[in-house]
Amino acid sequence: MFYLFLAILCSASIALIFKYTENTDTNRYVITSANYFIAFVTSLIMIVYRRLLDGVVREMPFIDDVALFMENDQHILSPYSSIIWGILIGAVAGIFFFLSFVYYQKSVRDNGVGISGTVAKLGILIPMIFSILIWREFPTSVQWVGILLSLVSIVVINLSKKSIKTFDFKPTVLLLFIFGGMAEFSNKIYQKYALNDYKDFFLFTIFFVAFLISVSYTVNKKAKVKLSDILTGFAVGIPNLFSSYFLILSLDTLKTSVAFPIYSAGSIVLINIGGLLIYRERPAPKNQLAIAMTIIALILINI
């Protein structure tokens with residue numbers, strides 16, 4: 001739970017940093033590229049500092065190692081195979097990370113902020129459902145009540161009557177749900193079969209791939225590069241990296257179906273508390289209700 005709390009803290013800080021810049025003339029694509037850049041550079045520094053390649057030997061071919069966990073899902077990959085696994089899964093995850101960002105922007109345009117925010121947060125249903133179906137990670141009856149409460153709180157805090165009335169389904173909202181959910185699920189796929197000691201390779205690959213795609217996208221958009229946008233991206237990049245870092249660690253001891261609702265709903269609670277303390281923004285009544293529901297959900301999930 002401690003690692004999950006740190007992941008929630010990092011996730012909430014990203015939103016609060018963006019809140020600080022929302023009334024300024026910023027370029028989101030430049031910020032995103034800078035965010036991915038500092039994240040992959042930090043991961044690379046951690047790989048070098050921790051000397052993660054020292055002593056790594058090829059104990060068996062990667063394919064053979066993978067074949068073992070296909071036969072027995074309790075099998076954990078060797079250090080060498082964990083690095084290869086991290087690079088392969090990270091490359092795919094990097095694409096999902098960037099696509100979820102792009103389709104969030106598109107969904108806001110097509111469907112509004114309320115619907116988009118709700119769908120983006122409910123993307124956690126993908127890793128939850130897959131973990132239950134594939135790895136049989138069933139919550140207890142009491143935890144199910146807490147999970148449902150946390151999901152309802154996500155809907156309550158993001159939706160309004162206006163957003164529901166004006167909603168006209170477009171494919172962007174479905175793609176946002178899929179890409180966002182798969183980006184989160186990639187953390188579980190890595191953690192389930194690889195050694196967590198080598199997660200920095202996985203995170204490096206995610207953000208390096210996302211950076212390459214983001215830079216090409218920024219260049220094609222002919223975005224104006226400002227120092228303030230780059231610095232904002234750097235400020236966001238560190239908590240963005242460590243939100244995944246700590247989330248992976250938390251999945252070692254928590255069921256996915258429990259960890260992701262807490263992660264998503266808990267982030268919303270901290271964002272609202274941070275908004276009150278830092279920006280003096282009093283949460284709306286429905287947000288206060290959602291916060292109360294989340295707190296009750298956290299208590300039930302941890303019983």
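Visitor: What share of the contacts with a separation of 6 or more comes from residues 24 or more positions apart?

Guide: In the protein chain, 87%. A contact here means heavy atoms within 4.5 Å. The model is predicted: local features need pLDDT of at least 70, side-chain atom pairs count only at pLDDT 80 or more, and totals for chains, interfaces and linings use all residues. Residues are numbered from 1 along each chain as its sequence is written, and side-chain values use heavy atoms, with hydrogens and water left out.

Visitor: Which elements make up the protein chain?

Guide: 13 helices and zero strands.

Visitor: What does the radius of gyration of the protein chain agree with?

Guide: With a compact globule of 303 residues. The rule is 2.2 Å times the number of residues to the power 0.38, and the radius is taken over C-alpha atoms. The rule gives a value near 19 Å; the chain has 19 Å, so the two agree. Along the principal axes, the C-alpha atoms fill a box of roughly 60 × 50 × 35 Å.

Visitor: Why are α2 and α10 called roughly antiparallel?

Guide: Helix α2 (residues 28–49) and helix α10 (residues 199–220) pack at about 150°, with axes 8 Å apart. Axes are lines fitted to C-alpha atoms over the stretch in contact, and angles run from 0 to 180 degrees between N-to-C directions. Under 35 degrees is roughly parallel, over 145 roughly antiparallel, 65 to 115 roughly perpendicular, the rest oblique. The pair is therefore roughly antiparallel.

Visitor: Which residues meet where α2 packs on α10?

Guide: Among them are Tyr 36, Phe 37 and Phe 40 in α2, and Phe 204, Phe 207 and Phe 211 in α10. By class, the contact has 18 nonpolar, five polar and one charged residues.

Visitor: What makes Arg 51 count as exposed?

Guide: Its 57% relative accessibility. Buried is under 20% relative accessible area, exposed over 50%, partly exposed in between, with a 1.4 Å probe and protein chains only. Arg 51 is therefore exposed. Arg 51 sits in the loop between α2 and α3 (62–71).

Visitor: What is the phi of Arg 51?

Guide: About 50°, a positive value, although Arg 51 is not a glycine. Most residues other than glycine have a negative phi.

Visitor: Why is Arg 136 called exposed?

Guide: Arg 136 has 54% relative accessibility, so Arg 136 counts as exposed. The phi of Arg 136 is positive, near 55°. Arg 136 lies in the loop between α6 (125–135) and α7 (141–158).

Terms used. Helices (H or I, at least four residues) and strands (E, at least two) are DSSP runs, numbered from the N terminus. Ala, Val, Leu, Ile, Met, Phe, Trp, Tyr, Cys and Pro count as nonpolar, Asp, Glu, Lys and Arg as charged, and the others, Gly among them, as polar.
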